[in-house]
Amino acid sequence: MPKNVVVVGVQWGDEGKGKVVDTLAGHFSIVARYQGGANAGHTVLVGERKYVLQLLPTGIVRPDKTAVIGNGVVIDPEALRQEIRKLRDAGTSVDGRLLVSDRAHLILPYHRAHEAAAENARGDGKIGTTRKGIGPSYEDKAGRRGLRTSDLRNPAKFREKCKALVAEKNRIDAALYSAPPLDAEELTEKFLQLAEGMLPYLTDVSVYLNTEMDRGKRVLFEGAQGTLLDLDHGTYPYVTCSSAAAGGACTGTGVGPTRINAAIGVSKAYATRVGSGPFPTEALGAEGEKIRERGGEYGAVTGRPRRCGWFDVPLARYSARVNGLSSMIITKLDILDTLAEVPVGAEYEIKGKRFKDFPAEIECLEQLKVHYRTAPGWQKDTFGTREVSQLPQRARDYLNLLSDQVGVKIAMVSTGPEREQCVWMDEAVLCP
Ligand code: GDP
Ligand code: IMO
Ligand code: MG
């Protein structure tokens, strides 16, 4: 009985999903992305080579794997083309092993233009998006006016729809932001020419995945972003616009929930966030700076400094619940090696009342006080460690504390950016 697994970010993204998916992918035939777009930046290190995957599933770096982009992903054809070219320049071809859903929505230039204008107009209240046009594309999807990859198969119809949409966007952006109009004719023709390159990859991903599963092939569903950036379960409105949590794997690929056997949550041994929004355990000042420098916490795509802080138990418990996590993978343990003490956010308090559940209201998240537990630091080098027995006792105590507090077992600990730099605590997670 093959086992299909979804890997999901526990926090606000950048947990090290790329590294983890690359490590796990050896045990699977297919890696499928189910949401998000080129806002993702999944870093994979293979020997001397560093890949930052944005739209392409991480499995693409292994030449014997098939990579699938599901219907829940929003695709900017230019971003896809550039990524394929970059990979080819690095000696990796996607030919014959990349499939793109014919139901995925497209990102058009007006989405990026609209997002930039809207973010600029928000001033201090801005979301801090990646400005890739992700939100506006999902808005059009929900508004039932989006353009899908399958629309590219009928250029005449595509032209008609696209021109009407540009005219509509021009009216909105001129009225709201005094933005200059886009040329409908030019935009449409250029886009069509560019997007035609995607046609050979288009397929019915639901048919493909279900058929391959029937044949005994194992599928790894690769989440982008993280649970706290999920449109429904995240720190709304400071979220992305897709279903990053595990449930998104079903809606985003056309695979039913009964066919996914496990959900693995990836969390850093501490916490980071990029962009605006609440971050209860944020470490401001020198403390946060220290983690940022040691952890190299700068955006893989935008280069923006990531906000840094401590592992947050109520947040991880929340994430474990909404994803139904079967196990966790803790990354970047090595970054904490030098600390004398490691704070862990244990409980929240508002107006004298202590609680452990992650609240819905943004105002609560901004006001709450965090009660910390302090774990003794191990102050020993764990970088690249591969055996549990080689982990310092205090590092193991720290991991046990996280696991006990969250109520989810830890399957693996990552001790460096490379594929083999990890300690397996429970390899059963990989067994069919
Ligand atoms: P993702 O978006 O979740 O895939 O994460 P990113 O790739 O954006 O950020 C994670 C960063 O941490 C990347 O630079 C990885 O190479 C790096 N990384 C992942 N796991 C480890 C680890 O265990 N130790 C160290 N030192 N770096 C890691
Ligand atoms: P990976 O897959 C971290 C954040 C942005 C912003 C918010 C909305 O690498 O973990 P968007 O452009 O999606 O509308 O921006 O979400 N964000 C991420 N933060 N990692 C990511 O992806 C992210 N993708 C989006 O910074 O706060
Ligand atoms: Mg990232």
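Predicted model: local features only at pLDDT ≥ 70, side-chain atom pairs only at ≥ 80, totals over all residues.
Residues are numbered from 1 along each chain as its sequence is written, and chains are lettered from A and ligands numbered from 1 in the order in which they are written. Local features need pLDDT of at least 70, side-chain atom pairs count only at pLDDT 80 or more, and totals for chains, interfaces and linings use all residues, while side-chain values use heavy atoms, with hydrogens and water left out.

**View 1. The residues around ligand 2.** Ligand 2 is surrounded by 20 residues. A residue belongs to this shell if one of its heavy atoms lies within 4 Å of the ligand. The closest are D14, K17, H42, T130 and T240. By class, the shell holds 7 nonpolar, 10 polar and 3 charged residues. Here Ala, Val, Leu, Ile, Met, Phe, Trp, Tyr, Cys and Pro count as nonpolar, Asp, Glu, Lys and Arg as charged, and the others, Gly among them, as polar.

**View 2. Backbone contacts and cover of ligand 2.** Polar backbone atoms of D14 and Q225 each lie 2.8 Å from an oxygen atom of ligand 2. For G128, the distance from a polar backbone atom to a ligand 2 oxygen is 3.4 Å. The protein covers 98% of the 550 Å² of accessible area that ligand 2 has on its own (Shrake-Rupley method, 1.4 Å probe). Ligand 2 sits in the largest pocket. A pocket is found on a 1 Å grid over the protein atoms alone, as an open set of points where a 1.4 Å probe fits, with protein on both sides within 12 Å along at least five of seven lines. A molecule sits in a pocket if more than half of its atoms lie within 2 Å of its grid points.

**View 3. The site of ligand 1.** Around ligand 1 there are 18 residues, and the closest are K17, G18, T43, D334 and S414. A polar side-chain atom of S414 lies 2.6 Å from a ligand 1 oxygen. The backbone contributes too: a polar atom of G16 is 2.8 Å from an oxygen of ligand 1, and a backbone N or O atom of G416 is 3.0 Å from one. Taken alone, ligand 1 exposes 580 Å², and the protein buries 91% of that. Ligand 1 takes up the second largest pocket.

**View 4. Salt bridges.** The structure holds 27 salt bridges, each a side-chain nitrogen of Lys or Arg within 4 Å of a carboxyl oxygen of Asp or Glu. K65 and D64 pair at 3.5 Å, N to O. K65 is buried at 7% relative accessibility, whereas D64 is exposed at 58%. D102 and R103 pair at 3.3 Å. D102 is buried at 11%, and R103 is partly exposed at 41%. Buried means under 20% relative accessible area, exposed over 50%, and partly exposed in between (1.4 Å probe, protein chains only). D151 and K161 meet at 3.0 Å, N to O.

Definitions and conventions. Polar contact = N/O pair within 3.5 Å; in protein donor to acceptor, adjacent residues only side chain to side chain. 1 Å grid on protein atoms, 1.4 Å probe; cavity = no way out; pocket = protein on both sides within 12 Å on 5 of 7 lines; lining within 4 Å.
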